[in-house]
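Biologist: I have the sequence and the model open on my screen. Can you walk me through the fold?

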Amino acid sequence: MLRFVIDNILIVLTLFGAIISFLASFIGIISKKKPITILALLAVMGFATGVSYQLYDFNKKQEDKRLKAAKEQVVEAAQLARDNVINEINLNVQQTKVTVDSIAELLNKTAIQEVATELVTINTSGSIDFEETMAFAKGAPEMWPKYAEWLSSVDRSKAEPSLSLTVNANHYYDSGLLLAYLLTSKVTRDSLEDIINQHNEWHNFQAEENYLKSFTPHAMHLNWVLFYDKTIQKLAAFAEAKAFTQELMVYHRLKQHDKIDALLNNNGANTITELQKSFPSIQKAVSETSNPAELVKLMIDQQLAISVTSADKKPFIVRLANMIQLAVKKG
């Protein structure tokens with residue numbers, strides 16, 4: 001009570017004076033003296049106005065105080081929340097770094113063959129009778145039987161079969177014949193043989209039927225397509241064969257062979273990038289390291305589930321999940 005009087009001395013004095021004025025006015029009304037009556041009425045009106053104003057002013061000040069206090073609490077809460085978020089982020093970053101460093105340390109002395117699978121082509125498998133430049137050129141279907149035989153003979157427990165294309169090398173790729181190669185498997189050889197041997201069939205065959213036969217678990221189909229760049233003399237990109245074949249089938253069905261032929265046979269610094277615009281399956285996540293510790297850091301940093309690395313001039317497909325699983329076992 002005393003604190004209220006001290007904090008609000010003005011309103012207390014005003015109310016006290018108004019009460020005195022009201023009593024005097026009330027006495028005047030009772031006396032029935034006209035001049036005093038008028039003054040008394042004015043005093044009553046003044047009293048009511050004064051009290052109303054003081055109560056309004058008091059309430060307004062109290063509301064302002066409450067709003068100010070509420071704002072301060074909101075600001076403090078927001079600042080505390082920001083501080084907590086920043087602390088949590090910093091903690092997560094530190095924990096993530098520790099995790100990445102720990103995984104890398106566990107894989108530091110691991111051979112690339114333990115975490116990756118070699119990608120082989122018919123050329124790297126030792127077949128000296130297969131010429132890529134002849135395989136995809138018009139009028140040279142004789143390469144296909146050798147390719148088909150090789151594809152069915154790959155030991156998939158040790159390697160994954162791939163088809164290599166070289167851009168910026170003045171090669172001539174026919175997209176229809178390339179599609180037939182991509183669809184080749186143990187179960188489609190018979191149906192594709194006549195198509196391969198007839199140039200006028202390369203752009204008109206029923207690719208979808210062969211696709212459904214070829215890309216099944218036991219069909220011994222192709223796994224990857226590798227894109228080498230002659231200008232830089234190294235592997236520049238890769239694509240999962242199944243996805244790349246699906247995309248090529250769309251252009252095949254739309255009769256856009258000329259467009260794709262032009263892309264495949266284009267010479268220029270941006271050939272891979274231009275191909276990637278038409279074939280989203282093409283990825284440029286290619287590195288040149290045989291150190292799994294470096295690879296796992298790179299893939300986590302770039303958020304890559306799969307990548308290809310070239311070690312000792314041999315390409316390997318690397319899966320992040322496999323590296324982490326191996327690190328857990330070693331830990």
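Biologist: Which residue in β4 stands opposite Tyr228?
Modeller: Leu235 does. Strands here are DSSP runs of E with at least two residues, helices are runs of H or I with at least four, and both are numbered from the N terminus. This is a predicted model, in which local features need pLDDT of at least 70 and side-chain atom pairs count only at pLDDT 80 or more, while totals for chains, interfaces and linings use all residues. Residues are numbered from 1 along each chain as its sequence is written, and side-chain values use heavy atoms, with hydrogens and water left out.

Biologist: How many bridges join β3 to β4?
Modeller: Six, and the two strands run antiparallel. Two strands count as paired if DSSP finds at least two bridges between them.

Biologist: What about the turn of that hairpin?
Modeller: Four residues sit between β3 and β4, and Gln233 takes a positive phi near 55° in this hairpin.

Biologist: Is β4 mostly covered or mostly open?
Modeller: Mostly covered, as five of the seven residues of β4 are buried. Buried means under 20% relative accessible area, exposed means over 50%, and partly exposed is in between, with a 1.4 Å probe and protein chains only.

Biologist: What does the whole sheet look like?
Modeller: It is an open sheet of seven strands, ordered β4-β3-β2-β1-β7-β6-β5, with mixed pairing. β4 and β5 (286–287) are at the edges with a single partner strand each, so one side of each has no neighbour in the sheet.

Biologist: And in which sense do β2 and β3 pair?
Modeller: Parallel, over six bridges.

Biologist: Pick me a residue in β1.
Modeller: Leu119 lies in that strand. Leu119 is buried, with a relative accessible area of 2%.

Biologist: What does Leu119 touch, leaving out residues up to four places away in sequence?
Modeller: Glu160, Ser162, Trp224, Leu226, Val308, Pro315, Phe316 and Ile317. A contact means heavy atoms within 4.5 Å. Leu119 and Leu226 are 107 residues apart along the chain, and their C-alpha atoms are separated by 9.0 Å.

Biologist: What share of the contacts in the chain comes from residues 24 or more positions apart?
Modeller: 69% of the contacts with a separation of 6 or more.

Biologist: Switching to helices. Which residues of α6 are buried?
Modeller: In α6, residues 144–153, the buried ones are Trp144, Tyr147, Ala148, Trp150 and Leu151. Down the axis of α6 they fall within an arc of 165°, so they line one face of the helix. The arc is that of the directions from the helix axis to the C-beta atoms.

Biologist: Which residues line the largest pocket?
Modeller: Thr124, Thr166, Tyr228, Asp229, Lys230, Gln233, Lys234, Leu235, Glu288, Ser310 and Lys313. The elements that give two or more residues to this lining are β3 (224–229) and β4 (234–240).

Biologist: Lys313 is in that list. Where is it in the chain?
Modeller: Lys313 is in the loop between β6 and β7 (314–319). Lys313 has a positive phi of about 65° although it is not a glycine.

Definitions and conventions:
On a 1 Å grid over the protein atoms alone, a cavity is a set of points where a 1.4 Å probe fits but cannot get out, and a pocket is an open set with protein on both sides within 12 Å along at least five of seven lines; lining residues have an atom within 4 Å of a point.
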